[in-house]
Amino acid sequence: MYRVLVLHGPNLNWLGKREPEVYGHTTLAEINEQLTNLASELGVTLKIFQSNSEGALIDTIQAEAEWAQAILINPGAYTHYSYALRDALASVAHPVVEVHLSNVHRREEFRHHSVIAPIATGQIMGFGVDSYLLGLRAIWSLLCEKKG
Ligand code: DQA
């Protein structure tokens, strides 16, 4: 079983009621359920964590650094300015896949820049819940390639 840490950043606990015209009606619990279903199909064990706090996300990355083989993260607004989160992700030698529900390049200018992207293996955005599911599939492929 591969081991993947899934991190959801700030305000994602409010999915479903938060700007539904941008993020849709799917709740975080539903996203986690879809991820868990796909993970069991792929033979992946997930640890899933959401926080509105930068420090708690960083603490979790450090605490799970040994356990996790890869990280799937939607950093929320931290994407655009958290050098601390970026440094934490860069300091673990795992593949990192950055995902976003929305296509940030179609939105406000401040969302166009990601400080996480340069240390990520790749980015997937604009497909709603499917961004997460595609991200998990991408991680699974990476881990299979490493093994082989
Ligand atoms: C987001 C995009 C970010 O710009 C925003 O701050 C979010 C959600 C997304 O999933 O589309 O909180 O990461």
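Predicted model: local features only at pLDDT ≥ 70, side-chain atom pairs only at ≥ 80, totals over all residues.
**Two packed helices**

Two packed helices are described by the angle between their axes and the distance between the axes. Here the partners are helix α2, residues 28-42, and helix α5, residues 129-147. Their axes lie 10 Å apart, at an angle of about 25 degrees. Angles under 35 degrees count as roughly parallel, so α2 and α5 are roughly parallel to each other. The crossing of α2 and α5 is right-handed.

Which residues make the contact? From α2 come I31, Q34, L35, L38, A39, E41 and L42. From α5 come V129, Y132, L133, L136, R137 and W140. Sorted by class, the contact of α2 with α5 has 10 nonpolar residues, one polar residue and two charged residues.

**One aromatic pair**

A pair of aromatic rings is described by the distance of the centres and the angle of the planes. The structure holds one such pair. Its members are Y78 and Y81. The ring centres of Y78 and Y81 are 5.8 Å apart, and their planes stand at 70 degrees. Planes over 60 degrees apart count as edge-to-face, so the pair of Y78 and Y81 is edge-to-face.

Are the two tyrosines buried or exposed? Y78 has a relative accessible area of 8%, so Y78 is buried. Y81 reaches 49% and therefore counts as partly exposed. The cut-off for buried is under 20%, and exposed begins over 50%.

H100 sits in strand β4, residues 96-100. What does H100 touch, leaving aside neighbours within four places in sequence? The contacts are N74, P75, T79, I124, M125, G126, F127 and S131.

L57 belongs to helix α3, residues 54-63. Not counting residues up to four places away in sequence, L57 touches L7, H8, G9, P10, F49, S51, Y78 and L85. One of these, Y78, is also a member of the aromatic pair. L57 and L143 are 86 residues apart along the chain, and their C-alpha atoms are separated by 23 Å.

The table gathers the accessibility values.

| Residue | Relative accessible area | Class |
|---|---|---|
| Y78 | 8% | buried |
| Y81 | 49% | partly exposed |

Conventions
Residues numbered from 1 in each chain as written. Heavy atoms only, no water. Axes fitted to C-alpha atoms, helices over the stretch in contact; angles between N-to-C directions. Helix = DSSP H or I, 4+ residues; strand = E, 2+ residues; numbered from the N terminus. Parallel < 35°, antiparallel > 145°, perpendicular 65-115°, else oblique. Left-handed = near helix turned anticlockwise from the far one by under 90°. Contact = heavy atoms within 4.5 Å. Nonpolar A, V, L, I, M, F, W, Y, C, P; charged D, E, K, R; others polar. Phe/Tyr/Trp six-rings, centres within 6.5 Å; stacked < 30°, edge-to-face > 60°. Buried < 20%, exposed > 50% of the residue type's maximum accessible area, 1.4 Å probe, protein only.
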